[in-house]
Amino acid sequence: MAAWLLAAFTFGTLRAQPATAAAVMTIDRADAVRASWDSVAPPVTGWTPVKLMDYWNIRWPHHDGVVWYRLHWTQASADAPVGLLLDYVCLADAVYVNGTLVYRDPQLVEPLSRRWIAPQFFVVDKPLLQVGENTLLVRVSGLAAYQPGFGTVRIGNDAAVQALYRDGVRWRYDVRLFNFAISAVLGVLFGMLWLLRRRDTVYGWYALSTLFGAGYAWNYVTASTWPFASTDAWQAFVVALLVTSTCSFTVFLLRFCERRWPRTEAAMGLASVAAFAFALLDPHRMGPWRNLWVLPTILFYYATIATFLWHAARSQRIEVRVLGVCLLLPILLSFHDLALYLELIHGDNYIGALTSPLSLIGMAFAVAWRFSAAMRRVEGFNVELRHEVDLATARLGDTLAREYALALDNTRIGERLNLVRDLHDGFGGSLLGAIAALENPQRPPEPARVVGTLKELRDDLRLVIDTTTHEQDSDLAGLLAPLRHRWSQRMDMADIDSRWQLENLDGLHLGPARSLDLLRLLQEALTNVLKHSHAGHVGVTVRRADTQLSIEVRDDGCGFDPATTCGNHGGGAGLASLRTRAARLGAELVLDTAPGHGAALRVAVRL
């Protein structure tokens with residue numbers, strides 16, 4: 001789109017010139033005279049004939065100040081206004097027609113206005129316009145180091161001269177403003193892209209080169225040196241921007257070609273820092289002697305472009321070739337601008353500004369193409385990744401289904417084992433106690449006692465069923481109370497004195513599973529005492545202290561050797577069940593026993 005607009009602009013300009021040339025007179029001869037900065041009127045003597053375009057630094061190499069230009073034309077009639085076009089003025093000017101001031105730049109002394117950026121157009125009518133000879137005086141303020149001078153003057157039909165003025169503004173100002181705007185927009189756009197993708201440094205270097213390039217392009221569209229206090233300071237800053245922009249552009253091309261030259265890049269970084277340092281510290285020397293910086297920078301730029309074009313010719317990547325083509329035409333036309341800058345040829349139009357947008361658009365296309373290629377790779381990777389994720393999800397679903405079935409079977413088996421343990425530890429112990437009571441020859445069974453025993457068995461079976469199917473809302477003290485009651489009666493019936501010590505258990509909730517394990521552990525321990533110990537006394541202690549619950553069952557029975565056991569004391573499922581219960585409580589079962597010295601079982605549970 002931008003290239004189409006540029007072509008339309010150029011075509012329209014070329015069409016407009018033949019139609020207006022016949023109605024306009026061009027003046028390319030004038031008289032010039034030097035003057036001081038405070039000159040308000042031209043000197044009487046010292047006038048020199050000159051040919052326009054005139055650069056006075058060629059004639060007066062060291063003259064900083066004012067030069068007056070005087071032109072004459074003959075007007076056959078003053079009935080219609082005429083257009084007056086000054087093609088080029090450098091740096092600032094004041095315009096007088098027949099002795100009357102018609103225009104004056106805001107700054108005719110340092111810091112000078114920058115009138116050279118665009119032509120000037122005036123309409124001259126009565127009473128300024130006279131029949132016969134008319135005189136145009138132009139007071140030009142300039143510095144010898146910056147090619148001060150004065151261009152041709154065109155006078156004629158108002159509409160025709162104004163058309164030439166519009167064409168000149170388009171060539172010399174609008175194109176450069178367009179170039180500046182594109183550079184700034186692309187710099188900001190790719191700068192934000194780099195901020196989002198820090199690893200893709202090609203976008204960052206492209207943004208940096210275009211932003212510095214936009215700063216350099218501003219030199220061609222601004223009419224003042226703000227915020228600098230002198231033309232030297234402004235020009236030194238512009239040179240620093242040119243150096244930094246060229247170095248950044250070189251690094252961009254290296255990254256674009258996927259190359260890294262650490263030493264060259266470090267040298268360019270030092271050159272950029274040095275340029276800004278000189279611009280800030282010694283602008284009055286760097287500005288006038290800017291060619292010491294500009295010419296090496298231009299040569300380095302040509303070398304950079306030549307190297308890249310050689311690489312592009314060998315590359316198979318479409319974006320590299322497109323960028324090479326977009327840089328080829330501007331580099332060829334830049335020789336004209338270099339010759340104009342070095343005053344090898346005379347003129348006031350730098351045509352490189354016309355091709356700069358083409359270069360910027362080409363670079364933007366190449367960088368965007370690279371970005372789109374990266375996005376296509378990412379999208380392809382995402383599609384492949386989604387396919388792989390779907391396959392992995394399906395496999396994982398099948399695996400989870402199998403594992404769920406296995407876990408369900410294991411849960412059923414575990415529940416069955418838990419039920420067996422509960423029947424053994426609880427109901428089995430109660431049944432054993434009942435059998436022992438009924439078989440006691442010293443106490444023949446009575447119907448009431450038999451009924452009581454059966455009720456105890458019923459209650460114990462109900463405890464197994466309830467703790468298996470329902471959660472417990474009672475605290476530990478409430479759960480231990482019925483257990484203590486039942487086992488105290490059983491121990492009495494077996495002539496075993498039982499002592500229970502429960503401390504600080506109110507409000508303690510272990511949860512359903514741990515509470516059941518604790519109750520069954522106590523039942524199994526008491527069952528072992530009842531079956532094997534032949535004890536006369538048994539003590540049960542359950543005590544909470546800080547974050548620990550201590551459980552101890554101690555008897556004064558026969559004891560046993562843990563290695564060989566005492567009778568069946570340590571064998572069978574009872575002792576194994578005790579260890580399993582302790583492990584499920586997160587504790588370790590500790591046995592303190594010896595033959596003939598009783599036994600003590602201890603468990604410490606961390607709360």
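Is Cys558 buried, partly exposed or exposed? Cys558 counts as partly exposed because its relative accessibility is 23%, where buried means under 20% relative accessible area, exposed over 50% and partly exposed in between, with a 1.4 Å probe and protein chains only.

The views below show a predicted model, in which local features need pLDDT of at least 70 and side-chain atom pairs count only at pLDDT 80 or more, whereas totals for chains, interfaces and linings use all residues. Residues are numbered from 1 along each chain as its sequence is written, and side-chain values use heavy atoms, with hydrogens and water left out.

**View 1. Cysteines Cys257 and Cys558.** With 9% relative accessibility, Cys257 counts as buried, while Cys558 is partly exposed. Across the whole structure, the search for disulfides (pairs of cysteine sulfur atoms within 2.5 Å) returns 0.

**View 2. The open sheet and the pairing of strands E5 and E11.** Six strands make up an open, antiparallel sheet in the order E3-E2-E5-E11-E8-E9. Strand E3 (48-51) and strand E9 (100-104) are its edges, each pairing on one side only. On average, neighbouring strands of the sheet are turned by 30 degrees against each other, direction ignored; the axes are lines fitted to C-alpha atoms, for helices over the stretch in contact, and angles run from 0 to 180 degrees between N-to-C directions. Strands are DSSP runs of E with at least two residues, helices are runs of H or I with at least four, and both are numbered from the N terminus. Strand E5 (residues 65-75) and strand E11 (residues 132-142) run antiparallel and are joined by 11 bridges; two strands pair if DSSP finds at least two bridges between them. Val66 has Ser141 in E11 as its bridge partner.

View 3. Helix H12 (residues 476-493) contains 18 residues and spans 26 Å from its first C-alpha to its last, close to the 26 Å expected at 1.5 Å a residue; the expected span is 1.5 Å times one less than the number of residues. Its buried residues include Leu476, Leu483, Trp487 and Met491. Met491 counts as buried because its relative accessibility is 1%. Beyond residues up to four places away in sequence, Met491 touches Ile496, Ser498, Leu526, Val529, Leu530 and Val538, contact meaning heavy atoms within 4.5 Å. The C-alpha atoms of Met491 and Leu530 are separated by 7.4 Å, although the two residues are 39 residues apart along the chain. Just after H12, Asp495 adopts a positive phi of about 60 degrees.

**View 4. Thr297 in helix H8.** Thr297 belongs to helix H8 (residues 291-314) and, at 10% relative accessibility, counts as buried. Leaving aside residues up to four places away in sequence, its contacts are Leu242, Val243 and Thr246.

**View 5. Aromatic pairs.** The whole structure holds 19 aromatic pairs; rings of Phe, Tyr and Trp (its six-membered ring) pair if their centres lie within 6.5 Å, and planes under 30 degrees apart count as stacked, over 60 as edge-to-face and the rest as tilted. Phe190 and Tyr203 are stacked, 6.4 Å centre to centre with 20 degrees between the planes. Because Phe190 lies in helix H3 (residues 158-196) and Tyr203 in helix H4 (residues 201-217), this pair ties together parts that are 13 residues apart in sequence. Phe190 is buried at 6% relative accessible area, as is Tyr203 at 1%. The ring centres of Phe228 and Trp234 are 6.1 Å apart and their planes stand at 70 degrees, so this pair is edge-to-face. Phe228 is partly exposed at 22%, whereas Trp234 is buried at 3%.
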